[in-house]
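Hi,

Here is the structure I promised to pass on. Have a look at it first, and then read on for my notes.

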Amino acid sequence: MMSYGDPARGSDWILDEAAAEPIVRRAADAGVTFFDTADVYSAGSSEEVTGRLLRKIFPGRDDYVLATKVFFPVGKGVNDSGLSRKHIHSAIDGSLRRLGTDYVDLYQIHRWDSETPIEETMLALHDVVRAGKARYIGASTMSAWQFAKAQHVAEVNGWTKFVTMQNHYNLLYREEEREMNPLCADQGVGLIPWSPLARGLLARAGAGEATTRAESDQHIGFLYTDEDNDRQILDRVAQVARDREVPPAQVALAWLLRQPVVSAPIVGATKDRHVEDAVAAVDLALTDKELAFLAEPYRPHAAAQ
């Protein structure tokens with residue numbers, strides 16, 4: 001749901017509520033029930049649009065799973081960011097107000113806060129759950145040792161543990177396979193990877209045109225730095241797509257869905273075909289030979305979060 005909100009408070013590729021509604025309705029009609037946003041997206045307007053659309057589209061609150069996040073600044077004050085007890089309790093109340101609901105199903109820490117003791121953060125999150133403001137908690141984008149430490153702190157104190165990890169994982173970036181993914185597999189934590197299409201690079205495999213988002217996305221050059229290696233992988237995605245007569249996005253998502261512990265990639269949709277590709281990928285059964293063919297060129301990267 002990061003793609004929806006108020007363009008004036010976000011990026012030029014953000015869709016307003018009127019443009020977003022038919023896409024979200026199409027997703028709901030196709031069986032999508034999990035919707036992910038964050039307080040920082042479009043300065044809070046993503047949560048506002050998300051809440052209004054889901055209330056309009058679904059019969060009741062129990063018919064969908066709603067996730068949001070906390071960490072990044074949502075204001076200019078010194079206490080308007082991070083994972084302190086003060087900010088977490090303020091942030092969840094702000095998110096619930098914007099979403100128009102009295103609880104979220106999944107409340108996630110958007111990043112690791114090196115300035116706040118993890119004991120303070122985990123107790124604050126536990127209190128949010130005990131207060132009924134969140135059903136579960138999740139984490140996103142950190143080192144495996146940090147995640148393990150957070151889980152240990154929660155376990156020894158009898159506090160709520162994380163049930164999901166929203167990490168950076170796709171065919172072009174697989175560093176999570178070293179430690180984070182095996183840790184989550186061992187601990188029974190589900191993966192809900194962000195940028196499963198590498199900010200659109202995998203969806204455009206074999207094509208030269210760039211999207212509005214790609215042309216203004218400063219993070220692409222930071223996250224994907226090995227152009228020669230990336231090109232090899234993109235060529236293979238394009239080849240499998242041609243052989244299967246499906247769009248490259250379906251191939252890339254189908255590969256990710258076959259990886260251990262992956263529950264649901266976080267797919268951003270700004271066009272109807274983005275929803276169609278995501279839904280079709282669930283039933284695209286790549287062979288073991290195709291999976292190996294897609295994975296084989298990958299070379300280790302520097303960590304990029």
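How many bridges join S4 to S5? There are four, and the two strands run parallel. Before I go further, please keep in mind that this is a predicted model.

Now for the sheet as a whole. Six strands make up an open sheet, and their order is S1-S2-S3-S4-S5-S6, with parallel pairing. At the edges you'll find strand S1 (34-36) and strand S6 (190-191), each of which pairs on one side only. Helix H3 (residues 85-99) packs on this sheet, where it touches strand S2 (65-70) and S3. The direction of H3 makes about 140 degrees with that of S3.

On one side, strand S4 (residues 134-140) pairs with strand S3 (residues 104-109) through five bridges, in the parallel sense. If you want to find that pairing on screen, look for Val104, whose bridge partner in S4 is Ala134, and for Ile109, whose partner in S4 is Ala139. Towards S5, Ile137 stands opposite Phe162.

Why is S4 largely enclosed by the rest of the structure? Five of its seven residues are buried, so the strand is mostly covered; the cut-off for buried is under 20% relative accessible area.

Helix H4 (residues 118-130) lies across S3, S4 and strand S5 (162-166), and runs at about 150 degrees to S4.

Last, a word on helix H2 (residues 45-57). This helix has 13 residues and spans 18 Å from its first C-alpha to its last, close to the 18 Å expected at 1.5 Å a residue. Which residues of H2 are buried? They are Ser45, Ser46, Glu47, Val49, Thr50, Gly51, Leu53, Leu54 and Ile57. The cover over these buried residues of H2 includes helix H1 (17-29), S1, S2 and H3.

That's what I have for now. Over to you!

Cheers

Methods:
Residues numbered from 1 in each chain as written. Predicted model: local features only at pLDDT ≥ 70, side-chain atom pairs only at ≥ 80, totals over all residues. Heavy atoms only, no water. Pairing = 2+ DSSP bridges. Contact = heavy atoms within 4.5 Å. Axes fitted to C-alpha atoms, helices over the stretch in contact; angles between N-to-C directions. Buried < 20%, exposed > 50% of the residue type's maximum accessible area, 1.4 Å probe, protein only. Expected span 1.5 Å × (residues − 1).
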